[in-house]
Amino acid sequence: MFLLQRVDETIKKVKSQLANIVTLCNISFGGASIMATFSEAYSHAVLYIFIAALLDRYDGKIARKFNQESELGKQLDSMSDIISFGVAPALLLYSSVLAQLGSAGMIAAILYIVCGAFRLARFNVSEANGCFTGLPITAAGVILTASFLIAPFINPGVYLVIFLVLSYVMVANFQLKKI
């Protein structure tokens, strides 16, 4: 009886934190991507960002399903997003492509991270209205990461444009309906 009661309590605790656990897995894959980039294991870094995106897709759904939405979860999700879809893709593309452009490449990567952080902060203080203002950082990070796959065929200068465009559309004031 005691053991069954403990198992039941544990299951309830896991359910109540499942969305946060998924978010922590997201940030873990973002961190793993950064470490893979430092080790020049770029294909692994790409894979880890894509896995983080998959996890990011479901953490909010899980929170809503179990009625566990919280301010902590919202903030944790944003911290995870800046790592997995801001810092990790920027470092991946900086290390593999933009570093050869010197200071311009560094500035583009930093600008992307800064705009992503601004976009997340703006989202966190805005009222929920069923729309995103600007391109979500998850989408920008996935686009940037996917562009790595065509890097051998593109002039590195094109990446400056890609970084600048993605930076701008994250902080722009257009509305996108949430899906």
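Begin by selecting helix H5 (137–147), in which Ile137, Thr138, Ala140, Gly141, Leu144, Thr145 and Ser147 are buried, that is, under 20% relative accessible area with a 1.4 Å probe and protein chains only. Helices are DSSP runs of H or I with at least four residues, and strands are runs of E with at least two, numbered from the N terminus. The model is predicted, so local features need pLDDT of at least 70 and side-chain atom pairs count only at pLDDT 80 or more, while totals for chains, interfaces and linings use all residues. Residues are numbered from 1 along each chain as its sequence is written, and side-chain values use heavy atoms, without hydrogens and water.

Next, display H2, H3, H4 and H6, against which the buried residues of H5 pack.

Now select Leu92, Leu93, Tyr112, Ile137, Phe163 and Leu166, which have the most contacts inside the largest nonpolar core, a set of 33 residues. Such a core joins buried Ala, Val, Leu, Ile, Met, Phe, Trp, Tyr and Cys residues through side-chain atoms within 4.5 Å. H3 (71–96) is among the helices that each supply at least two residues, and H3 gives the most, with 7.

Then centre on Leu92. Beyond its neighbours within four places in sequence, Leu92 is in contact (heavy atoms within 4.5 Å) with Thr37, Tyr42, Ala45, Val46, Ile49, Thr145 and Phe148.

Move on to Phe153, in the loop between H5 and H6. Phe153 counts as exposed because its relative accessibility is 71%, and exposed means over 50%.
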